[in-house]
Amino acid sequence: MICSAASIIFLVVGWLKTFMAIGWKPIEPKTILFIMEYRRFGKTEENISVITLGGMRFKNGWNPPRAHLPAESVRNCIEITRQALELGINHFETAHGYMKSENLYGVVLKELGPARESFKMMTKGAPMTGEETRALVEEQLTSLKMDYLDFYGWHGINNEERLKAAVKPGGPVEILHRLREEGLIRHIGFSTHAPLDIILQALNTDLFSFVNLHYYYFFQRNLAAVRLAGEKDIGVFIISPNEKGGLLWNPSQKVEETCHPLTTIEFNGKFCLSHPEITTLSMGIHEPEHFPQNLSILNREDYSSPEFREVHARMDASLSEISGLCTLCAECLPCPEEINIPEVLRFRNLLEAYSMEDYGKFRYNMFEGEGHWFPGNFASKCTECGDCLPRCPEKLEIPKLLFDTHKRLFDRKAWVKNQLYLMAVSIARLLRKFIPGLT
Ligand code: SF4
Ligand code: SF4
């Protein structure tokens with residue numbers, strides 16, 4: 001464990017400022033004891049902080065054009081990156097797909113001026129051919145104002161087609177390895193939102209040194225991938241533990257009470273870090289008050305304290321008591337109507353066990369709008385054909401449970417909003433194709 005007196009002092013001052021600003025109750029003595037921790041990122045042999053600063057959510061960061069950086073966005077990125085560095089966070093993450101993010105980090109890290117070797121930079125991209133790969137990486141290096149990238153992840157091995165495109169002979173991953181030999185990239189990995197079997201296939205290619213994946217208390221379906229990565233000494237980076245992991249800053253009353261005395265963010269963070277295979281959690285910190293919330297997951301490397309174990313047991317008990325529990329085994333797939341049955345029924349499990357309605361609505365209404373990033377049709381498309389029924393080891397009445405979940409979670413307003421957003425993204429993509437120089 002690496003300690004920094006400056007980071008502790010800063011942490012205390014930062015917390016006091018935050019608490020005064022937002023009028024929280026007085027600081028508890030235990031809160032000031034947390035200091036940054038570092039873990040080895042698998043075979044990359046790099047030591048990175050267990051908290052990564054995810055760069056997806058800086059102020060106005062998603063508004064095109066990507067190279068135009070409003071003063072407000074730069075100020076926000078400077079403030080957050082400065083605090084992160086002072087707190088000992090040494091790993092920053094972004095992607096070409098996050099609009100302004102690479103450019104913001106480029107400007108801000110130059111301005112703040114940390115020694116290049118004192119932090120690690122991860123970016124991602126999804127070039128589909130070998131030819132596109134070099135040009136994209138060079139563009140990203142220019143945006144980030146860097147000579148090399150510590151970690152480059154092929155962005156979104158989300159299905160078999162994308163896995164094949166990424167690893168084909170002469171394809172993008174092969175070119176990434178060439179760029180690694182040339183010194184532009186130090187380590188190559190991939191990010192994924194794929195079903196488990198695709199993630200396992202990608203890990204078994206032995207082409208990657210790290211993987212960015214989803215794995216949280218409320219989504220444990222990728223445990224086998226975490227374990228395989230551990231066996232292969234592939235570093236594991238957890239994507240969006242607080243948002244996609246359960247909207248943890250806004251827990252249901254049931255979750256809040258069951259996790260007490262831990263916060264939900266603390267419980268989930270400690271749950272993830274209790275797995276020795278997991279190196280780092282990406283926190284999309286974009287406001288100063290997010291630091292104390294997230295740093296409170298740190299536990300001086302003791303992630304199985306009696307307090308944590310008690311909360312864990314209570315959380316498990318809530319789930320085991322529900323009727324119609326789906327074990328998420330995925331034996332029921334494929335569904336001819338392309339309903340992602342285990343994912344729909346996972347939202348039902350969470351509703352029944354923990355009253356997680358906000359999270360369920362947030363994720364459920366992303367169906368039919370996110371393509372390979374979140375595949376599946378709404379449960380209302382079930383034709384009751386019965387194909388899935390004999391395959392379910394739990395003998396669940398799948399259509400009935402699906403219709404019930406749709407009724408409880410479908411939100412027309414959220415769906416329309418998602419559709420409008422996706423339409424805007426498609427128009428922007430089209431314009432970029434036809435207007436040279438538009439970014
Ligand atoms: S019964 Fe419904 S969910 Fe099951 S396979 Fe048929 S359409 Fe899909
Ligand atoms: S087979 Fe049954 S238990 Fe398994 S994921 Fe499908 S519905 Fe759930």
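Which helix gives the most to the shell around ligand 2?

**View 1. The shell around ligand 2 in the predicted model.** Helix 13, residues 341–354, gives the most to this shell, with three residues; helices here are DSSP runs of H or I of at least four residues, strands are runs of E of at least two, and both are numbered from the N terminus. Of the 15 residues around ligand 2, those that come nearest are Cys 326, Cys 329, Cys 332, Pro 342 and Cys 392, where a residue is near a molecule if its C-beta atom, placed from the backbone, lies within 6 Å of it. The shell divides into 11 nonpolar residues, one polar and three charged, with Ala, Val, Leu, Ile, Met, Phe, Trp, Tyr, Cys and Pro counted as nonpolar, Asp, Glu, Lys and Arg as charged, and the others, Gly among them, as polar. Residues are numbered from 1 along each chain as its sequence is written, and chains are lettered from A and ligands numbered from 1 in the order in which they are written. This is a predicted model, in which local features need pLDDT of at least 70 and side-chain atom pairs count only at pLDDT 80 or more, whereas totals for chains, interfaces and linings use all residues.

**View 2. The shell around ligand 1.** Cys 335, Cys 382, Cys 385, Asp 387 and Cys 388 come nearest among the 15 residues around ligand 1. Helix 15, residues 398–409, supplies the largest share of this shell, namely three residues. By residue class, the shell around ligand 1 holds 10 nonpolar, two polar and three charged residues.

**View 3. Glu 231 in helix 8.** Glu 231 is placed in helix 8, which covers residues 223–231. Glu 231 counts as exposed because it has 9 C-beta neighbours inside 10 Å; a residue is exposed if 12 or fewer other C-beta atoms, placed from the backbone, lie within 10 Å of its own, buried if 20 or more do, and partly exposed in between. From C-alpha to C-alpha, Glu 231 lies 44 Å from Glu 72, and the two are 159 residues apart in sequence.

**View 4. Residues 1–32 and the confidence of the model.** The pLDDT, the predictor's confidence in each residue from 0 to 100, stays under 50 over residues 1–32, for which the model has 34 contacts beyond four places in sequence. Two residues are in contact if their C-beta atoms, placed from the backbone, lie within 7 Å. Where pLDDT is low, the predicted coordinates should not be read in detail. The chain averages a pLDDT of 90, and 90% of the residues score at least 70.
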